[in-house]
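Thanks for coming. I will go through the pockets of one protein and then its ligand. Please have a look at the model first.

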Amino acid sequence: MRGLKGKVAVVVGGGRGIGRAIAEQLADYGCSVVVGSRTLSEVENTALGIRNAGGSAHGLSIDVQDRSSVSNFADEAFKLYGRADILVYCAGINQRLSAEEYPEETWSKVIDINLTGAYRTCQEFGQRMIAQGGGGSIVTITSMMSHVVTPKQSAYSASKGALMQYTKLLAVEWAKSNIRVNAVSPGYIETEMTKNAIAQPGFRNAVLEKTPMERFGAAAEIAQAVCFLASPEASFITGAILPVDGGFLAGHPAIIPS
Ligand code: NDP
């Protein structure tokens, strides 16, 4: 994507999995990248990989549950490259437990990272992007669980459904500042987050059966969609939620045992 060359991109939740693939792909298209998560060693490792491949990147720690951490991270990112053109909010966690037993502490943590963390991060960066004169692009990572539900993911489904609505809200409010806001909604991707569930044959086979393309996705396939939405090539796209799911939503949105 030629339009990404020379842009400054920030990937929150970029230390591993899907976020790491997004940071690497943005760098490959010519962006300078700031990568953040709680585990400094992981984001430094992502940044090192990008620099070793000839790109420009820095890893910084951020805990999206803590407003001052998010604010400091945004200040540091702006200090490093002087601006931010692209923000990707990829931080997320999941905890699978039945609805009747779901502990409030776990509920609060999942909602706080997946939804309120997006609010804190988009707000801190949105304020700075508007102050720099507007323009730019934000991409959030939602989920199939923004659209359909499967058992034992009550907090995750609630958080991702709300994140989808929040993404559309930002698109509408910040269009006047020429900041486009979109989401990529991944199907099932094998990462640290999903590896235990996918290792269970019942879950694995049910997902494959309900996915018309009959396979799991790769983090790199999510990254390509994010890069497109982030790039000037998507200049008239805002408020869009793009499923990248092997046809899961179009085909058989149905109950997967958890
Ligand atoms: P991983 O667990 O591999 O990565 C999650 C990332 O979020 C890590 O970098 C993690 O770093 C970061 N993170 C978690 N909590 C915080 C926090 N409090 N502050 C800052 N960063 C945080 O998961 P995936 O790569 O699979 O998931 C990435 C995103 O994609 C998530 O939002 C997930 O919901 C979404 N998604 C994933 C799907 C899949 O099938 N894998 C499907 C649909 C959506 P650290 O723990 O070091 O802070």
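**Pockets and ligand**

The largest pocket has a lining of 39 residues, and those nearest its centre are Cys90, Gly92, Ile93, Thr191 and Met193. A pocket here is an open set of points on a 1 Å grid over the protein atoms alone, where a 1.4 Å probe fits, with protein on both sides within 12 Å along at least five of seven lines; lining residues have an atom within 4 Å of a point.

This is a predicted model, where local features need pLDDT of at least 70 and side-chain atom pairs pLDDT 80 or more, while totals for chains, interfaces and linings use all residues. Residues are numbered from 1 along each chain as its sequence is written, and side-chain values use heavy atoms, without hydrogens and water.

Now the polar contacts, meaning pairs of N or O atoms within 3.5 Å. A side-chain N or O atom of Thr39 is 2.4 Å from a ligand oxygen. For Arg16, a polar side-chain atom is 3.3 Å from an oxygen of the ligand. Gly13 has a polar backbone atom 3.4 Å from a ligand oxygen.

Conventions:
A polar contact is a pair of N or O atoms within 3.5 Å; within protein, one must be able to donate a hydrogen and the other to accept it, and residues adjacent in sequence count only if both atoms are side-chain atoms.
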